[in-house]
Amino acid sequence: MKVSPSFLSAILFTLCSSLKLSVADSTFPEFTLHGLVDLRYQHTAAQPSWTDNGLGKFRSGGENNRFLINEGAVTLQTRLGWDWTGTVTAKYSDGQKNPLDLTEAFLQYRPVSTTPWRLGGRLGMFFPPISLENTGTAWSSPYTLTSSVINTWVGEELRTFGGEAHLSYQFDNGDSLGAFAAGLAHNDTTGSLLAWRGWSLHDYEATLNDRLALPENIGIGTHFPQQALMTKPFVEVDGRPGYYAGFNAEHAETIKFRTLFYDNQSNPETIANGQYAWHTQFLSTGLKVELPWQLTLVSQGINGRTRMGEKSAGKRAVDARFWAASLLLSKTIGTHRFSLRHDHFGIDENDFLPQDSNRENGQGWTANYNLTLAQRHQMNFEVTYLDSNRAARTNLNQSSKQEETLWQISYRLFF
Amino acid sequence: MANLLSPVFLKPLFGLLAALLVTPSIAETLLGDVSDDNGAPIADVVVTVMPTTDRLAVANSGKPVIVKLDQQSREFIPHVLPVRVGTPVIFPNSDDIQHHVYSFSSAKQFEIKLYTGTPAKPIVFDRPGVAALGCNIHDWMLSYVFVTDAPYFTKSDASGHWAVEVPPGEYRLSLWHPDASAPIALPNDTLRTPASAALRHTINIKARRQTGKPPETLQSQGYRDEF
């Protein structure tokens with residue numbers, strides 16, 4: 001039987017096109033590596049730090065000067081296909097429980113859209129969309145070394161372990177409106193640091209298998225003997241998932257607005273392996289505005305409640321309402337940046353254990369000058385001042401009102 | 001003595017006269033400068049020149065020329081590309097990484113996967129309007145394809161200068177820039193060639209502009225803050 005030339009050429013054409021497709025597809029996966037190395041010189045005038053089981057709000061305490069390797073982090077982004085990316089960030093940080101551990105590991109789905117509607121999602125371990133300042137490699141900030149009070153807490157006790165979906169509408173002029181929601185787990189202990197240690201101000205992000213210090217000698221062991229001596233930020237205690245939902249709006253290159261409501265839906269009467277489940281809910285709002293004369297304004301606010309323990313006469317063992325707000329103003333002049341931020345915070349309690357004091361209020365200022373050279377070398381000069389009043393300090397024979405100051409010089413290499 | 005009116009001289013004389021009458025006249029140059037309210041020059045301003053009479057046929061002839069919109073160092077080059085309606089645009093991808101170009105503008109909706117080393121088919125921009133192009137892989141990439149049915153058009157350069165050659169006649173000028181509120185109001189938009197002087201236009205431009213360039217520091221490239 002004779003095979004017609006046209007049939008043969010049809011087969012050949014199909015073979016060639018499919019070969020071409022597979023050869024072209026083999027350009028995936030595509031890898032991109034980013035990272036940072038952060039060296040510091042610090043002068044501290046503060047109370048013994050919470051990292052040393054105290055109630056000082058910085059990462060370091062006492063009166064001292066020291067030089068240290070503050071952090072080394074690497075982010076590997078793998079483009080798996082036209083719509084899928086995988087991102088993993090691992091870091092070493094001074095005082096971290098495990099020398100090398102993960103801060104984020106997730107898959108991102110972002111299909112192209114030829115309509116104004118855009119859909120996307122993330123699956124894995126990632127920061128909830130709260131901070132508008134931590135927009136740099138490994139969640140660093142281009143404005144300051146030290147995160148705001150709100151973002152410090154996000155770094156310590158908040159991570160989404162689950163899936164997030166986002167839908168947005170893009171206008172022709174570059175504006176966009178979006179809504180998002182996520183289901184999450186492994187965030188049951190969030191709130192424990194706020195209730196027992198209060199707000200803090202630093203640049204440490206908790207990692208997957210991290211252990212964070214709890215204050216000693218303030219009565220935690222007395223009132224909660226089952227509580228372990230440290231808190232594990234990312235564990236699942238009661239098997240109940242939580243969620244957050246919110247929306248965002250953007251005016252291209254100028255205004256960015258984001259708000260979300262979070263509820264980990266924890267059963268506050270459960271405990272596992274020395275870790276209580278804390279029912280934490282909060283409303284977070286953020287606004288970033290690019291103003292004329294190279295000025296940027298970033299403002300965030302948070303208002304929430306955390307509850308833990310059994311009920312007695314209508315009250316819980318721990319019931320603390322927390323709030324915080326920050327306002328940052330930053331100006332660039334070429335490769336120079338000047339930033340000033342004011343933080344304000346407080347915690348109130350209404351539980352049946354006033355002896356386990358959660359109450360506090362305070363405010364602080366952070367001033368930073370940084371210079372970036374050749375896109376990668378960044379020198380930072382920063383001073384952070386905090387003035388806080390926490391009643392629980394009297395357990396440690398400290399005045400409840402404390403002023404703390406941290407001077408820092410940092411060299412950061414970004415790659 | 002030769003007679004001046006002899007055929008030897010008359011023929012070329014008539015020929016020259018005929019050539020002058022039949023050939024289209026020497027092209028006129030319209031040129032000008034564009035600056036913002038502070039006097040700083042503005043690049044990428046598209047200047048379109050439309051005849052006030054219906055003589056569009058002159059420039060309509062000829063096959064549409066294929067135009068290039070390149071991807072270099074994760075940036076679209078050029079940032080603004082004015083083209084005639086019906087122009088095919090190719091995306092050569094001079095980078096050694098993939099790009100995924102797309103547009104959802106009403107003027108042209110498309111997506112094209114740019115593999116490295118494999119040339120892609122051209123996209124024909126068949127409707128007048130502005131198409132804003134992005135890359136689905138690199139968020140910051142941005143380019144505008146300005147599709148016009150005007151027979152003559154040009155774009156201002158880095159020093160704000162522009163120049164375009166047109167046949168003598170009366171024309172209506174219009175200006176467009178992605179960061180200026182459209183339409184740009186012009187005081188005298190009708191002019192007749194030859195233009196008496198270089199035209200000067202001042203445009204109000206947004207303070208914060210999307211340049212389409214990668215983020216300035218490696219720190220800002222290392223984290224995606226968007227959804």
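## A buried glutamate in chain B

Glu75(B) is buried, with a relative accessible area of 15%. The structure here is a predicted model. The side chain of Glu75(B) forms a salt bridge with that of Lys213(B), at 2.9 Å from N to O. The two residues come from distant parts of the chain, 138 residues apart. Glu75(B) sits in strand S5 (residues 75–77) of chain B. Lys213(B) sits in the loop between strand S17 (199–203) and helix H3 (218–221) of chain B.

Is Lys213(B) buried or partly exposed? Lys213(B) has 46% relative accessibility, so it counts as partly exposed. Buried means under 20% relative accessible area, so Glu75(B), at 15%, falls in that class.

## The open sheet of chain B

Chain B has an open sheet of 5 strands. Their order is S6-S12-S11-S8-S9, and the pairing is mixed. Which strands stand at the edges? They are S6 (80–84) and S9 (108–114) of chain B. Each has a single partner strand, so one side of each is left without a neighbour in the sheet. From one strand to the next, the twist averages 20 degrees.

## Chain A as a whole

Chain A contains 4 helices and 20 strands. Its radius of gyration is 24 Å, close to the 22 Å that the globule rule gives for 415 residues, so chain A is as compact as a globular protein of that length. Along the principal axes, the C-alpha atoms of chain A fill a box of roughly 100 × 50 × 40 Å.

Of the 415 residues in chain A, 55% count as buried. Take the contacts in chain A with a separation of 6 or more: 63% of them join residues 24 or more positions apart. Chain A exposes about 17,200 Å². Carbon and sulfur atoms supply 62% of that area.

## Salt bridges in chain A

Side chains of opposite charge can pair when their charged atoms come close. Over all chains, the structure holds 23 salt bridges. One of them joins the side chains of Glu164(A) and Arg122(A), at 3.0 Å from N to O. This pair links distant parts of the chain, 42 residues apart. Glu164(A) lies in strand S6 (residues 160–170) of chain A, and Arg122(A) lies in strand S5 (residues 117–126) of chain A. Glu164(A) is buried, with a relative accessible area of 5%. Arg122(A) is also buried, with a relative accessible area of 10%.

Glu360(A) is buried, with a relative accessible area of 3%. Arg390(A) is buried too, with a relative accessible area of 0%.

## A charged network

Chain A also has a network of salt bridges. Asp38(A), Arg40(A), Arg59(A) and Asp203(A) are linked in it.

Definitions and conventions
Residues numbered from 1 in each chain as written. Chains lettered and ligands numbered in written order. Predicted model: local features only at pLDDT ≥ 70, side-chain atom pairs only at ≥ 80, totals over all residues. Heavy atoms only, no water. Pairing = 2+ DSSP bridges. Axes fitted to C-alpha atoms, helices over the stretch in contact; angles between N-to-C directions. Rg over C-alpha atoms; globule rule 2.2 N^0.38 Å. Buried < 20%, exposed > 50% of the residue type's maximum accessible area, 1.4 Å probe, protein only. Contact = heavy atoms within 4.5 Å. Areas by Shrake-Rupley, 256 points an atom, 1.4 Å probe, with all protein chains shown as cover. Salt bridge = Lys/Arg side-chain N within 4 Å of Asp/Glu carboxyl O.
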